Amino acid sequence: MRTRFNEQLDEMNNSLLKMGAYIEHAIATAAKALIEQDVDLAKEAIEFDKEIDDMEKEIERTCLSLFLHQQPVASDLRLISTALKMITDMERIGDHAADISEITLRLADAVYIKKLDHIHQMAAETTKMVTDSIDAYVKRDTALANAVIKADDKVDDLFNTVKNELIEMIHDDKEYGEQAIDLLMVAKYFERIGDHAVNIGEWVIFSLTGQHKNKKII
């Protein structure tokens, strides 16, 4: 019985890694599409969201099977519960990558009002946070989970930099307003991706210690 349980647990972990890879690809594709104003890549990132949604359902089924047909002990229950919480955040990350790409489609023929260096940095930082948060779960690594949580400060600082730059641009020329709002939304989506990675990191810590900082990301 325990052997079968361990096999399903391994299956769940492998699926989480696969879903994580999908998410990393979605973020990277969305960021590249935005920077290069590449319509085809933007559409690819939007289509990829369906793959992420399917992975969420697959992992959810595996978790429920472990609950219903096996006899998990307390530490196992935390692992499975954490996986269920994680995939919710992971699915939302996929949604945000698609949201960014929707804005890219809208801006495909526009001349950008500013360089997107800071937004590109946000994409790189949040992608690493997502990767590390999932690795922390698979490796049972609280130090890595805490590093993800700490990394969010840099993403927040970058978001504030982008926000302040765009506000100043609107103040100087109101014609920048519409695109500035779109770019601000892009930065906000990346900031939310970072928040979801933090949420995953906190659930990893819960799975290993039984303690969780109460925090909800919408």
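1. Arg-140 counts as partly exposed because its relative accessibility is 31%, where partly exposed lies between buried (under 20% relative accessible area) and exposed (over 50%), with a 1.4 Å probe and protein chains only. Arg-140 is found in the loop between H4 and H5; helices here are DSSP runs of H or I with at least four residues, strands are runs of E with at least two, and both are numbered from the N terminus. Although Arg-140 is not a glycine, its phi is positive, at about 55°.

2. On the basis of the note: this is a predicted model, in which local features need pLDDT of at least 70 and side-chain atom pairs count only at pLDDT 80 or more, while totals for chains, interfaces and linings use all residues. Residues are numbered from 1 along each chain as its sequence is written, and side-chain values use heavy atoms, with hydrogens and water left out.

3. A positive phi also occurs at Gln-37, about 50°, although Gln-37 is not a glycine. Most residues other than glycine have a negative phi. Gln-37 lies in the loop between H1 and H2, and it counts as partly exposed because its relative accessibility is 24%.

4. The protein chain has 6 helices and 0 strands. Its elements run α-α-α-α-α-α from the N terminus on.

5. The largest nonpolar core has 62 residues, and Met-90, Ile-119 and Phe-190 have the most contacts inside it. Such a core is a set of buried Ala, Val, Leu, Ile, Met, Phe, Trp, Tyr and Cys residues joined through side-chain atoms within 4.5 Å. At least two residues of the core come from each of H1 (2-36), H2 (39-69), H3 (74-106), H4 (117-139), H5 (142-172) and H6 (177-209).

6. Which residues does Phe-190 contact, leaving aside its neighbours within four places in sequence? They are Ile-27, Ala-31, Ile-100, Ile-119, Met-122, Ala-123, Thr-126 and Val-155, a contact being heavy atoms within 4.5 Å.

7. Of contacts in the protein chain between residues at least 6 apart in sequence, 83% join residues at least 24 apart. Buried residues make up 49% of the 218 residues. The C-alpha atoms fill a box of roughly 65 × 30 × 20 Å along the principal axes.

8. Asp-99 has its place in helix H3. Its relative accessibility is 26%, so Asp-99 counts as partly exposed. The C-alpha atoms of Asp-99 and Leu-16 are separated by 22 Å, and the two residues are 83 residues apart along the chain.
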